[in-house]
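Hi,

Here is the structure I said I'd pass along.

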Protein chains: 2
Amino acid sequence: MQKFNVGSFSKSSLTHSNRGMSFEDDINLTNEYYNFNKIALVYKKPTPISVSKMDYTNNIITNARFIKKSTTDYNGVYKGYYIDFEVKETANENYFPLNNLKDHQMVHLDSVLFHKGIAFIIIKFTSLNKIYFVLYEDFKEYLINNTNASYVPIDFFENNCLIIKEKYTPRIDYIECIDIILSRKRDYEKVK
Amino acid sequence: MQKFNVGSFSKSSLTHSNRGMSFEDDINLTNEYYNFNKIALVYKKPTPISVSKMDYTNNIITNARFIKKSTTDYNGVYKGYYIDFEVKETANENYFPLNNLKDHQMVHLDSVLFHKGIAFIIIKFTSLNKIYFVLYEDFKEYLINNTNASYVPIDFFENNCLIIKEKYTPRIDYIECIDIILSRKRDYEKVK
């Protein structure tokens, strides 16, 4: 019987070879690396379920459905700052289709921004093998200026976002980008 | 067929009368109030499950088990700060039994503290109808000074913790305590 965990993953994934691993697996490994090395504390939120039937004798769920998450996939803490993000992939070379991002994810990232958390999206253009660190406030500004857009062109990411270079370990070192963002904010505060 | 949600709760709970509500329901309502009124963004983390069997045709989980959470129950963001906490109750009048708090919860709160998040426990002494806001760093200090303790006496809470007064809405206004903690920290930084 094949088992898979929802919202957590086994430590054995650390010893997996990289063949066949998804981008999300890479992010999960990166978070394990951050957690283990005390760089940041970031978790994937489990998918909530609605249980209809339980076998209480054996403590087994016998009928349930996944229900829609009202938030994003990842959150955590880095140097006291709240961080919250979504991870996306596209096979397109020239643009990121907006239907990749769900309404509730946008609403949630909006709230995070409102409460002064660090909200972002990590987007991988698989055919280009390029990964962008997309600060949600920049992404939102693009959408405000392009209300009818159904996609965001690659130029936007090239001109406005940081690039995350894939490494051996940690795989997708997005904390480097957060450091850059934080130092920019500090410089900005000094100038004000 | 009675349905219950795991890790989320229906909006209808907002209109529930208070009879029969658990302390955790009160906390959930408080968080809904904070989220809705844009005071803070706090969520209960869903309990992760391990799925053994799925009916993919109807998208129903037909065999699964709950797995142990590796974190606490609640986290979120307030004024950019990462907050993370656990909610506990005891019927005892004189002490809080430490077996109420699981090892993985302590380890997680420890990590939150390490990463400069605001880590705390909300403890209700039900028979006294008293609710304490217990900053994890104070709680930890007590445990370090009392290594063999199996409980924490009420005096500790009386002398070291803030009291949360139950209100009509929000029910358990713990953000008031965070404000006090933050202003104390600011004063302390000034003195240094």
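Which residues are exposed on the other side of α3(A)? They are I144(A) and N145(A), where exposed means over 50% relative accessible area, buried under 20% and partly exposed in between (1.4 Å probe, protein chains only).

Some housekeeping before the rest. This is a predicted model, where local features need pLDDT of at least 70 and side-chain atom pairs count only at pLDDT 80 or more, while totals for chains, interfaces and linings use all residues. Residues are numbered from 1 along each chain as its sequence is written, chains are lettered from A and ligands numbered from 1 in the order in which they are written, and side-chain values use heavy atoms, with hydrogens and water left out. Helices (H or I, at least four residues) and strands (E, at least two) are DSSP runs, numbered from the N terminus.

α3 of chain A covers residues 136–145, and its buried residues are Y136(A), F139(A), Y142(A) and L143(A). Looking down the axis of α3(A), these fall within an arc of 120°, so they line one face of the helix; the arc is taken from the directions from the helix axis to the C-beta atoms. They pack against several elements of chain A, including α2 (103–114), β8 (118–125) and β9 (130–135).

Now the interface. Chain B and chain A each put 48 residues into the contact, meaning heavy atoms within 4.5 Å. Together they bury about 4000 Å², 61% of it on carbon and sulfur atoms; that area is the accessible area (1.4 Å probe) the two parts lose on being put together, summed over both. There are 9 residue pairs in polar contact between the chains (both at pLDDT 80 or more). On the side of chain B that touches chain A, β4(B) gives the largest share, 7 residues.

Two single residues are worth a look:

- T72(A) sits in the loop between β4 (60–66) and β5 (74–78) of chain A. T72(A) is buried, at a relative accessible area of 0%. Among the residues T72(A) touches beyond four places in sequence are K45(A), F85(A) and H108(A).
- F96(B) belongs to strand β7 (residues 95–97) of chain B, and F96(B) is buried too, with a relative accessible area of 0%. Beyond four places in sequence, the contacts of F96(B) include I123(B), F125(B), F139(B) and F157(B).For the polar pairs mentioned above, a polar contact is a pair of N or O atoms within 3.5 Å; within protein, one must be able to donate a hydrogen and the other to accept it, and residues adjacent in sequence count only if both atoms are side-chain atoms.

Cheers
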